[in-house]
Amino acid sequence: MLRKAMLSVVVSTVIVVSTPLVFAHGGAKGVVKERMDLMDNMKGAMKTLSAIYKGEQEYDADTVRKAALIIRDNSGNAMTTLFPKGSAHSPSEAKPNIWQEWERFEKLAKRQQVISQGLHDSADNRSVSEAKSSGHMMGGGSGSMMGKSMMGGGHMMGGKMDTPEHYAEMPSEMVFKMLTDNCSSCHTRYRAED
């Protein structure tokens with residue numbers, strides 16, 4: 001009798017705990033569920049980073065690095081392999097133009113990986129506001145980030161400056177902004193609104 005009662009409690013607990021997971025993605029299965037889970041992982045990391053950069057949470061370089069690695073590890077090929085042709089069926093939020101503009105989608109996914117590695121590597125860098133107040137941001141001298149990054153003759157997306165090493169030299173706050181811009185570009189173009 002005790003065994004039946006314990007089994008009943010265990011089964012009830014499993015049902016209660018797993019039910020939100022089943023309904024969280026509207027019954028998604030297979031590759032659609034895998035990519036929705038991947039996006040949820042990145043969404044959680046972005047929420048953590050957003051709270052830090054909005055000042056809602058104290059700045060902690062280790063937390064920035066951990067969140068950046070989650071995003072990096074879920075970007076690039078880890079992301080694109082979860083978008084095989086013919087997988088736009090419900091409950092997927094992917095727009096069909098992903099497959100019509102595959103090269104562009106792939107570049108955004110790879111760039112996200114590069115920027116998030118750069119964010120990881122720039123986590124110890126001071127903020128943009130501190131850099132501006134010390135005169136090292138806009139001054140055009142040897143310490144000028146703007147001089148190096150924006151006016152150096154290269155371009156940011158896909159150019160010689162689109163490397164983790166380049167982003168690592170910037171204030172982490174600026175790299176985070178570039179990461180959110182990249183995410184927004186992809187979502188705006190390739191994700192159906194809820």
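**Note on an all-helix predicted model**

1. The structure holds six aromatic pairs, a pair being two rings of Phe, Tyr or Trp (its six-membered ring) whose centres lie within 6.5 Å, with planes under 30 degrees apart counted as stacked, over 60 as edge-to-face and the rest as tilted. One of them joins Tyr53 and Phe176, whose ring centres are 4.7 Å apart with the planes at 15°, so the pair is stacked. This pair links distant parts of the chain, since Tyr53 lies in helix H2 and Phe176 in helix H10, 123 residues apart. Tyr53 counts as buried at 17% relative accessibility, and Phe176 is buried with a relative accessible area of 9%, where buried means under 20% relative accessible area, exposed over 50% and partly exposed in between (1.4 Å probe, protein chains only).

2. The rings of Trp102 and Phe105 have centres 5.4 Å apart and planes at 50°, so this pair is tilted. Both residues lie in helix H6, three residues apart, about one turn of the helix. Trp102 is partly exposed, with a relative accessible area of 26%, whereas Phe105 is buried at 1%. Ring pairs also link Trp102 and Phe105 with Phe83, Trp99 and Tyr190 into a cluster.

3. On provenance, this is a predicted model in which local features need pLDDT of at least 70 and side-chain atom pairs count only at pLDDT 80 or more, while totals for chains, interfaces and linings use all residues. Residues are numbered from 1 along each chain as its sequence is written, and side-chain values use heavy atoms, with hydrogens and water left out.

4. The protein has 10 helices and zero strands, where helices (H or I, at least four residues) and strands (E, at least two) are DSSP runs numbered from the N terminus. Of its 194 residues, 37% count as buried. Among contacts (heavy atoms within 4.5 Å) with a separation of 6 or more, 70% are between residues 24 or more positions apart.

5. The largest nonpolar core has 34 residues, of which Leu49 and Leu119 touch the most other members; such a core is a set of buried Ala, Val, Leu, Ile, Met, Phe, Trp, Tyr and Cys residues joined through side-chain atoms within 4.5 Å. Helices H2 (30-53), H3 (61-73), H5 (97-100), H6 (102-121) and H10 (172-190) each supply at least two residues of this core, and H10 gives the most, with eight residues. Beyond its neighbours within four places in sequence, Leu119 is in contact with residues including Leu49, Tyr53, Val64, Phe176 and Leu179.

6. Confidence deserves a separate remark. The protein averages a pLDDT (the predictor's confidence in each residue, from 0 to 100) of 79, and 68% of the residues score at least 70. Confidence is lowest in helix H8 (residues 145-149), at a mean of 38, and highest in H3, at 98. Over residues 9-23 the pLDDT is below 50, and this stretch has one contact in the model beyond near neighbours in sequence. Over residues 133-156 the pLDDT also stays under 50, although the model has 50 contacts for them beyond four places in sequence.
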